[in-house]
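Subject: Structure for you to look at

Hello,

Here is the structure I said I would pass on. Please open it first and then read the notes below.

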Amino acid sequence: MSLLPIKELLASTTTGSTVTVKGWVRTKRESKNAIFIAINDGSTIHTIQTVAEPGRISEDVLRLVTTGACVAVTGTLVESQGSGQKVEVQAAEIHVYGPADPEQYPLQPKRHSLEFLREIAHLRPRTNTFGAVLRIRHTLAYAIHKYFNDNGFFYLHTPIITASDAEGAGEMFRVTTLDLNHLPRTDEGAIDFRQDFFGRETNLTVSGQLEGELGAMALSKIYTFGPTFRAENSNTTRHLAEFWMIEPEMAFYELEDNMNLAEDFVKYVIRYALDQAADDLAFLDQRLKEEEKTKKKEEQSELGLLEKLRFVVDNDFVRITYTEAIDILLQSKPHKKGQFQYPVEWGIDLQSEHERFLVEKHFKKPVILTNYPKAIKAFYMKQNEASETEKGPTVRAMDVLFPGIGEIIGGSQREDDFEKLLARVREVGIEPESLWWYLQTRQFGSAPHAGFGLGFERLVLFVTGMGNIRDVIPFPRTPKSADF
Ligand code: 4AD
Ligand code: MG
């Protein structure tokens, strides 16, 4: 027996050989002299056609061969008589590993809504769409590791359980082994976390950055790629409570270097997907085209998925400051006509409608915004010298905004001056003792450094053209939803 993945069998030219195909039945079609069974094993979006002559395979076995059943088919690889595939398998023997009762199996060979598929997340990887998304997700993850490895970065494993709030936004999930029904109390009546597992309050991390910075102050260039958790109650198509983040951190990089890296990196991984996941992307491109046809003309997007990906890879990102962006927004039609839901003025945190206006309407390109107001950004960002052209103090932040997504990357040059960082830590109400280890890197061999975080699911969302972030992670975690 030689078991080859269907992807390889379909590319094979050794007709006449005996092969075994193992996978799940997608469709079964019966004609007078033959039964056509299409099988998929997830190695590719394509199915292999196996042909069974009635009489040669027992009726009892054939009855169990229905959509969703898991089978092994052994037979001869032959040139296909039909169109649509080069080779097919003339079945000599079929073994059914696991039947799938057609009365109950929820996936039928037709298009199901993405909402319905979310309710059966344990089976949705068996659909064309999710198979394609999951393979592309893998390809992107691999490209990310390859990019950093090839460019001299070290993969640093930062902790998942932490006692600090890296972003200072207070959106953390608590980790505890205390009995919630019988909480130990101090004499003052507060919860006594000294009795908790770690002897202190701990949470799931919102970012590996702070520990990443410690790595960069020794290895120069590191990156993290791990799960992060945010208990923000945003029920949007762009937010997950559990998502994966890639965070490079580089000693001796300033904001400009950080932007150059972010742009080069994102373009590389998209180009890699275009090269290595062509079949799956072609399928998703077609899928999106059909979906667009159902929309009103003015709501249809100008570019198809593949065109959009090539466009991003082939063009320079626009780079402007926050202050310039605010000026553009103030001059914009939607602002003047009162069409933005949120007000625009220097100092606001840009809303997704503002970001999307800049990227999709004004520049029609990815945009990197820099030098945000200090007041709306995290404590660790490097403070700019006071400037006459700015309306208030700014920090060396950079956000990369993508069409259809909004913010895909957030990053900055870091404050490397001990006194300034300490003052800022106090200013935002963080107890300096709780970050003593972080602050010490500014006392012992401090160096200019910078880094950023790419939301992995937002990248997968962009590359696959899917509309909802719940559909690009195998098992989404969102408010009120943690099934599977
Ligand atoms: O902008 P954020 O909050 O930046 C950080 O966490 C920094 N520590 C990164 C760094 O400089 N090392 O998050 C980074 C990215 C966002 O741009 C977005 O793509 C993604 O993470 N992100 C989310 N993705 C899905 N669901 C959420 N709830 C997300 N929150 C942030
Ligand atoms: Mg951000």
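This is a predicted model: local features need pLDDT of at least 70, side-chain atom pairs count only at pLDDT 80 or more; totals for chains, interfaces and linings use all residues.

A residue is called buried here if its relative accessible area is under 20%.

Helix H14

By name, the buried residues of H14 are Phe456, Glu457, Arg458, Leu459, Val460, Leu461, Phe462, Val463 and Thr464.

Ligand 1

Where does ligand 1 sit? Ligand 1 is found in the largest pocket. Strand E11 (242–251), strand E15 (406–413) and strand E16 (449–455) are the elements that each supply two or more residues to the shell around ligand 1. Of these, E15 gives the most, with 5 residues.

In total, 24 residues surround ligand 1, and the closest are Glu167, Gln209, Arg230, Glu247 and Glu407. The shell around ligand 1 is made up of 8 nonpolar, 8 polar and 8 charged residues.

A polar side-chain atom of Glu167 is 2.6 Å from a nitrogen atom of ligand 1. For Gln209, an N or O atom of the side chain lies 2.7 Å from a nitrogen atom of ligand 1. Glu407 has a polar side-chain atom 2.6 Å from an oxygen atom of ligand 1. Ligand 1 taken alone exposes 630 Å², of which the protein buries 93%.

Regards

Methods
Residues are numbered from 1 along each chain as its sequence is written. Chains are lettered from A and ligands numbered from 1 in the order in which they are written. Side-chain values use heavy atoms; hydrogens and water are left out. Buried means under 20% relative accessible area, exposed over 50%, partly exposed in between (1.4 Å probe, protein chains only). Helices (H or I, at least four residues) and strands (E, at least two) are DSSP runs, numbered from the N terminus. A residue is near a molecule or strand if one of its heavy atoms lies within 4 Å of it. A polar contact is a pair of N or O atoms within 3.5 Å; within protein, one must be able to donate a hydrogen and the other to accept it, and residues adjacent in sequence count only if both atoms are side-chain atoms. Accessible areas come from the Shrake-Rupley method with a 1.4 Å probe; for residues, only the protein chains shown count as cover. On a 1 Å grid over the protein atoms alone, a cavity is a set of points where a 1.4 Å probe fits but cannot get out, and a pocket is an open set with protein on both sides within 12 Å along at least five of seven lines; lining residues have an atom within 4 Å of a point. A molecule sits in a cavity or pocket if more than half of its atoms lie within 2 Å of its grid points. Ala, Val, Leu, Ile, Met, Phe, Trp, Tyr, Cys and Pro count as nonpolar, Asp, Glu, Lys and Arg as charged, and the others, Gly among them, as polar.
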